[in-house]
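Colleague: I am new to reading protein models, and I would like to go through this one feature by feature. Could you give me the general idea each time and then the case at hand?

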Amino acid sequence: MRHLLNWPVPALLAWFSVWIIYLSLDSAGLSAPWAIVCACAAGVIFSIRGATQARRWALALGFPLSLLLLNTAVTFIWGWLALLVIAALVYPVRAWRDASVFPTPLNALRRVPTFAPLVDHAPMLDAGCGLGDGLLALRLAYPRASYYGIEASWPLRILASMRCPWAKIWQGDIWDAEWGGYALIYLFQRPGTMNRAVEKAHAELKAGAWLISLEFEAVDLIPTAVVQTGNDRPIWMYQQPFKFLKKNPQRDSKRRGAGKKRSS
Ligand SMILES: C[S@@+](CC[C@H](N)C(=O)[O-])C[C@H]1O[C@@H](n2cnc3c(N)ncnc32)[C@H](O)[C@@H]1O
């Protein structure tokens, strides 16, 4: 029986008792600082039973240290939760699959109109417009176009609207939006997004419209043109009707169906 009370069992019993004292005083309505002082005093009394100096310290400091650790852990957990909520607000989880916010450099699209000339007021959409940098670059390249932007994140959408008051920007999902009314879709997403974008653009864009992608190539398509930006990032340009590397009759019939629906 005696071995059951070998160290550290007495310490665990002492700390447990001190915690019970603290919680009882706290729930009896004693103010928190006084409850802590009383519990610490109880810890000091228990420490007298410690066989060595180190054990006496351990008995006395067990409660205040565990209280400190608990508070730090709670603060830490709340801090992380707050950061997660902010991150989820800025980047809704579904946008993580496509791309996080990397801005288009202002001059990146300057040479695009040489290859993809458009009439005045041509509607162009920055799909996933982030803070509006892609729209700013589009406006520099095409000063007389009509500019639209969709962004998944509410805070980024608000900031983009403030930076680009001349554009119509809304919060939404690029995959739910209708692309068929635009003369140019601009993308700066990520490689994994390109297949889906090609499928959507192929099904919805009218003949003559453009899919323009900064940096990431549509590997199934033969580009109509490619230009290098100053930062070694290519701009891939694809004009409808797209030229696919491999024939796929099912895909082409889907497009013919979509074309018929639009014209009816
Ligand atoms: C790399 S940033 C590009 C921002 C802007 N187009 C530019 O070039 O400066 C990609 C943006 O797309 C947004 N995004 C990713 N997936 C999206 C989706 N499914 N619908 C709407 N926006 C999306 C992200 O929130 C991010 O702001």
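Colleague: Which residue just after H1 takes a positive phi?

Modeller: Bear in mind that this is a predicted model. The residue to look at is Gly29, which comes just after H1 and has a positive phi of about 100°.

Colleague: What does H1 itself look like, from its first C-alpha to its last?

Modeller: Helix H1 takes in residues 9-27, which makes 19 residues, and its reach of 27 Å is close to the 27 Å expected at 1.5 Å a residue.

Colleague: Which residues of H1 are buried, and where do they lie around the axis?

Modeller: A residue is called buried when its relative accessible area is under 20% and exposed when that area is over 50%. In H1 the buried residues are Ala11, Ala14, Val18 and Tyr22. Because they cover an arc of only 75° around the axis, they lie on the same side of H1. The face turned away from that buried side carries Phe16 and Ser27, which are exposed.

Colleague: How would I read H2 in that way, and which of its residues are buried or exposed?

Modeller: Start with the span: H2, residues 32-47, has 16 residues and reaches 22 Å from its first C-alpha to its last, close to the 22 Å expected at 1.5 Å a residue. Buried in H2 are Ala35, Ala39, Ala42, Gly43 and Ser47. They cover an arc of only 145° around the axis, and therefore they sit on the same side of H2. On the other side of H2, the residues Pro33, Trp34 and Ile45 are exposed.

Colleague: What makes the nonpolar surface patch?

Modeller: The patch, of about 1100 Å², is made by Leu70, Val74, Phe76, Ile77, Trp78, Trp80, Leu81, Leu83, Leu84 and Ile86. Take Val74 as one of them: this residue is found in helix H3, residues 53-90, and with a relative accessible area of 40% Val74 is partly exposed.

Colleague: Which strand pairs with E5, and in what sense?

Modeller: Strand E4, residues 184-187, pairs with E5 in the parallel sense over four bridges. As an example, the bridge partner of Ile185 in E5 is Leu211.

Colleague: How many residues of E1 are buried, and which strand do bridges join to E1?

Modeller: Four of the five residues of E1, residues 123-127, are buried, so E1 is largely enclosed by the rest of the structure. Five bridges join E1 to strand E2, residues 146-151, and the two run parallel. Within this pairing, Leu125 has Tyr148 of E2 as its bridge partner.

Colleague: How far apart in sequence and in space are Val198 and Tyr238, and Ile222 and Lys243?

Modeller: Val198 and Tyr238 are 40 residues apart in sequence and 9.4 Å apart in space, C-alpha to C-alpha. Val198 belongs to helix H8, residues 194-204, and is buried, with a relative accessible area of 6%. Ile222 and Lys243 are 21 residues apart in sequence, with 5.5 Å between their C-alpha atoms. Ile222 is found in strand E6, residues 221-222, and counts as partly exposed at 40% relative accessibility.

Definitions and conventions: Residues numbered from 1 in each chain as written. Predicted model: local features only at pLDDT ≥ 70, side-chain atom pairs only at ≥ 80, totals over all residues. Heavy atoms only, no water. Patch = residues over 30% accessible without salt bridge, like charges linked within 9 Å, V, L, I, M, F, W, Y side chains within 5 Å. Areas by Shrake-Rupley, 256 points an atom, 1.4 Å probe, with all protein chains shown as cover. Salt bridge = Lys/Arg side-chain N within 4 Å of Asp/Glu carboxyl O. Buried < 20%, exposed > 50% of the residue type's maximum accessible area, 1.4 Å probe, protein only. Expected span 1.5 Å × (residues − 1). Arc of directions from axis to C-beta. Pairing = 2+ DSSP bridges.
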